[in-house]
Amino acid sequence: MSAVMNAEISADTPANRFDSDKHLHAQFYVQRDGFVLDVDMRIPTDGVTAIFGPSGCGKTTLLRCMAGLEQTPHGRFSWRDHQFASAQIWQDEQHFVPTHKRPLGYVFQEASLFAHLTVNGNLAYAKKRRGKTAAARDHVLNDDAILHLLGIEHVLQRKPHELSGGERQRVAIARALMIHPKILFMDEPLASLDDNRKREVLPYLEKLKTQLNIPIIYVTHSADEIARLADHVVVMSQGEVVRHGSLAQILTDLNNPLKLGQEAGVVVTGQIQEKDEQWHLMQVAFDGGAVWLKDSGHEMGDYVRIRLLAKDISLSLSHAQDSSIQNILPCTICQIEDNPQAAYTLVKVHVGKSELLARLTRKAVAQLDLSVGKDVWVQIKSAALV
Amino acid sequence: MPFIFSGAACLVDPSFFSFSDADLAAIVLTLKLASVVTLLLLVIATPIAWWLARSRSWLVGPVSAVVSLPLVLPPTVLGFYLLILLGPQGPVGQAMQWLGFNTLPFSFGGLVVASVLYSMPFVVQPIQNAMQAMGARPLEVAATLRAGPVDRFFSVILPLSAPGFLTAATLGFAHTLGEFGVVLMIGGNIPGETKVLSVQIYDYVETLDYAQAHKLSALMLGFSFVVLLLLYTFNRRARVSFNAEGSL
């Protein structure tokens, strides 16, 4: 249990401002074939929580425990969010609610459609078994909206084996939504797809996230998927939770930043507020500033996530007027990585309420006399949509 | 040798299949026995197959072995022990008498009990194989879609294991039709009560009435072949449409 840590929740980052009642508490101990899962965590139930870790770290087992697909005598699971007045207790010492009595949706790594049914039959299987009263009252997505959201209106009459891998997974997601879940579990829904199919399905997941007002627990080993989807991140290793917190906290933890690909960096969510047709640029405003980047073709007013890598960010003491860099914003240094052995160091700065990381040489830090609390200018050489 | 020519005769002469009352009684009895046994076996074998396919208990090995015994035992051995067990001196026979029932040997009920045991592996194994091939995933999916255990059985296990159930029912039926040794040991030779087709054929051969024996034998041969042909043709087609890539 020693490595199980509770997240430090700093109240000032918007992603983490959650009512302490609205959380999920999962405590499981599973031991089998030399593998031990030992988890005790409380995480917020707003938005998408990604459970991240390498294969074999126990993240799928944890998800299966939460859904009741794995039964362990040593477990507790309860959760609460805006949908409920009191906590949902699905497992404790005395009780174990079987999976089919839990109001959840579950998307498996493989689409796992029923082979003896058409797409329509698969969806009807869920529709027939969902509760009637709760659905009409407070579900935001009706059946047609679900079909439209996942773009599967044209495949309803087909059998599962007549679908592409991406279509199968979209049908599986639609089927899980048709049951009108109060919480959605997704176990690496993209892992069984090739890169093209991943690119095909990811936008559907992003839409899903914005239109679905229920907690989503998303297991993945892909930092890319986390950058695009996650609001909170639980990092697992060898059956234990090693860290968890908001996406920003996990990305900007100077001791051990979660890498986006090979690089440290941050992801900020912003809204497209201006377009420059002449230079094919668009301006994305985020909490604390705005950056220009290549026009992605999104509509004005769309929310997008942009990735700012530490290696593309530098600091200067004055607002340079003669630089080729378009994005220069005022900022305050809030933390400097302290590692005397290295040539490079990571510097965390506040731009308004957002945090950015800059990778500088330690020599530069010394020459510019950078220190915590100092007001400087951040120069963003490139930014890209995730 | 009249039976050599009767092979052709059965194709041209409709009177070849005119059966005596005794033959008809044996045919009706055999079909009745096979039907009752098949229905009973589907009910009994399904939970056994389910348990064998799913359980991680150490008992799976011993139970599998017991269920499969009729595959290798001479039917006379099985019949002999059943006779001892169910007979008036046997523990089951005594219990039944104490409860006010007749003992089972030399009755239709005895044939049913013996046939259920004798045909058990032919019914358990196809169902078990189908359930193993299906795996646990469809059931987990069904559970996440609010299907309770009974619902899961009828909405997922049954349709996805349908080819297995069909094979099981067909093999159970056909195998019971063809049973001989066990019947002789426990059922004897009572017309209309325990005298099934195979015994009737044996009687004809013993009295050297080859023409009559051939009639019934040809009937059974043809029937069994057609049933198995239909079964394997259907299952081949079912496999092609079920095992398509990427689905369950």
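A residue counts as buried if 20 or more other C-beta atoms lie within 10 Å of its own, as exposed if 12 or fewer do, and as partly exposed in between, with C-beta atoms placed from the backbone. You're looking at a predicted model, where local features need pLDDT of at least 70, side-chain atom pairs count only at pLDDT 80 or more, and totals for chains, interfaces and linings use all residues. Residues are numbered from 1 along each chain as its sequence is written, while chains are lettered from A and ligands numbered from 1 in the order in which they are written.

**Exercise 1.** Work out whether B:Leu86 is buried or exposed.

Start by finding B:Leu86 in helix 4 (residues 75-86) of chain B; helices (H or I, at least four residues) and strands (E, at least two) are DSSP runs, numbered from the N terminus. Next, count around B:Leu86: it is buried because 23 other C-beta atoms lie within 10 Å. Then list its contacts, meaning residues whose C-beta atoms, placed from the backbone, lie within 7 Å. Leaving out residues up to four places away in sequence, B:Leu86 touches B:Val92, B:Gly93, B:Thr103, B:Leu104, B:Pro105 and B:Gly110.

**Exercise 2.** Find which side chains of strand 15 of chain A are buried.

First, follow residues 313-316: A:Ile313 and A:Leu315 point to one face and are buried. Now look across: strand 15 of chain A pairs with strand 19 (residues 375-380) of chain A, antiparallel, over 4 bridges; pairing takes at least two DSSP bridges. Opposite A:Ser314 you'll find A:Gln379 of strand 19 of chain A.

**Exercise 3.** Describe the side of chain B that touches chain A.

Begin with the head count: chain B puts in 19 residues and chain A 22 residues. Helix 7 of chain B gives the largest share of chain B's side, 6 residues. Last, sort that side by class: 11 nonpolar, 4 polar and 4 charged residues. (Ala, Val, Leu, Ile, Met, Phe, Trp, Tyr, Cys and Pro count as nonpolar, Asp, Glu, Lys and Arg as charged, and the others, Gly among them, as polar.)

**Exercise 4.** Check the confidence along chain B.

Chain B averages 87, and 89% of its residues score at least 70.

Methods
pLDDT is the predictor's confidence in each residue, from 0 to 100. Two residues are in contact if their C-beta atoms, placed from the backbone, lie within 7 Å.
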